[in-house]
Amino acid sequence: MKPKLLLLHGALGTRNQFAQIKPLLEAHFDVYDFNFEGHGGVISEGEYSITHFAKNTKDFIHTNDLGSVSIFGYSMGGYVALKLALESPELIEKMATLGTKFAWTKASAAAEVKMLNPDVIEEKVPHFAQLLKEMHAPLDWKAVMRNTAEMMLNLGNGEALVEDDFKKINHTVCLGIGAKDKMVSLEETEKIQGWLPNSICNVLEGAPHPIEKVDPDLLFEYIKKALL
């Protein structure tokens, strides 16, 4: 019987972020994924927050009678996995993340939000705007982006996990970061790794932040080694 693996997507993303990697993983895991509320056309019944997305994940696990699962979380998905591990540890076996940002302060959140202006993106990067429109239809992609920006600001204003939270998470955790990630630093990742009691940090050589640009074979080997 193959172990169960749940994939959690990143901010502004959908479950389709795993389209390339899923076929590789399915040879070794029973793979599950879903869209957080407010993404990929799924209407949101609550605010955009790590807490709410952790509830989405908990509800998905219960609804599908999965018992407990291992989780791979990309970017925001990794943060959601850690939040769920803190609140409902019995639902998770092991965790692996990639490109999860941990350094949330007012300044860092403000810097990220500067890049999330939908009107500027529509004018300056129209192909990205069109992609987001298609990904999140029939939802308004601009609202998705604004809500994501508000969530980031809230993280910077006190909603982020703190040292004592991480120290309570006793699961086996592998924190992955791409060597060419320009959004997340190795320093912040190693800092959190030092707070998690049973964790390691893994640098994926040549990998940038966007998961779509990470070599699928490299990502597959990372997940397999971390979670099997």
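The following legends describe close-up views of a predicted model.

Residues are numbered from 1 along each chain as its sequence is written. In this predicted model, local features need pLDDT of at least 70 and side-chain atom pairs count only at pLDDT 80 or more, whereas totals for chains, interfaces and linings use all residues; side-chain values use heavy atoms, with hydrogens and water left out.

**View 1. The open sheet has six strands in the order 2-1-3-4-5-6, with parallel pairing.** Strands (E, at least two residues) and helices (H or I, at least four) are DSSP runs numbered from the N terminus, and two strands pair if DSSP finds at least two bridges between them. Strand 2 (30-33) and strand 6 (199-204) are the edge strands, each pairing on one side only. From one strand to the next, the twist averages 20°.

**View 2. Strand 4 (residues 92-98) pairs with strand 5 (residues 172-178) in the parallel sense over five bridges.** Within this view, A96 stands opposite C174 of strand 5. Helix 10 (residues 216-227) packs on the sheet and touches strand 1 (4-8), strand 3 (69-74), strand 4, strand 5 and strand 6; contact means heavy atoms within 4.5 Å. The direction of helix 10 makes about 150° with that of strand 4. Axes are lines fitted to C-alpha atoms, for helices over the stretch in contact, and angles run from 0 to 180 degrees between N-to-C directions.

**View 3. Helix 2 (residues 50-63) crosses helix 3 (residues 76-87) at roughly 75°, and their axes come within 9 Å.** Helix 2 and helix 3 are therefore roughly perpendicular to each other; angles under 35 degrees count as roughly parallel, over 145 as roughly antiparallel, 65 to 115 as roughly perpendicular and the rest as oblique. Helix 2 contributes I50, T51, F53, A54, T57, K58 and I61 to the contact, and helix 3 contributes M76, Y79, V80, K83, L84 and E87. By class, this contact of helix 2 with helix 3 has eight nonpolar, two polar and three charged residues. Ala, Val, Leu, Ile, Met, Phe, Trp, Tyr, Cys and Pro count as nonpolar, Asp, Glu, Lys and Arg as charged, and the others, Gly among them, as polar.

**View 4. Helix 6 and helix 7 pack at an angle of about 95°, their axes lying 8 Å apart.** These two helices, helix 6 and helix 7, are therefore roughly perpendicular to each other. From helix 6, F128, A129, L132, K133 and H136 meet W141, V144 and M145 of helix 7. The contact of helix 6 with helix 7 comprises six nonpolar residues, one polar and one charged. In the loop between helix 6 and helix 7 lies P138, which is joined to A137 by a cis peptide bond with omega of about 5°.

**View 5. The largest pocket has a volume of about 1,000 Å³.** On a 1 Å grid over the protein atoms alone, a pocket is an open set of points where a 1.4 Å probe fits, with protein on both sides within 12 Å along at least five of seven lines, and lining residues have an atom within 4 Å of a point. Grid points are joined across faces, edges and corners, and a volume is the space filled by probe spheres set on the points. Of the 37 residues that line the largest pocket, A11, L12, F128, H209 and P210 lie nearest its centre. Helix 3, helix 6 (126-136) and helix 7 (141-159) are the elements that give two or more residues to this lining. The lining of the largest pocket has 22 nonpolar, nine polar and six charged residues. L12 is placed in the loop between strand 1 and helix 1 (22-25), and L12 has a positive phi of about 70° although it is not a glycine.
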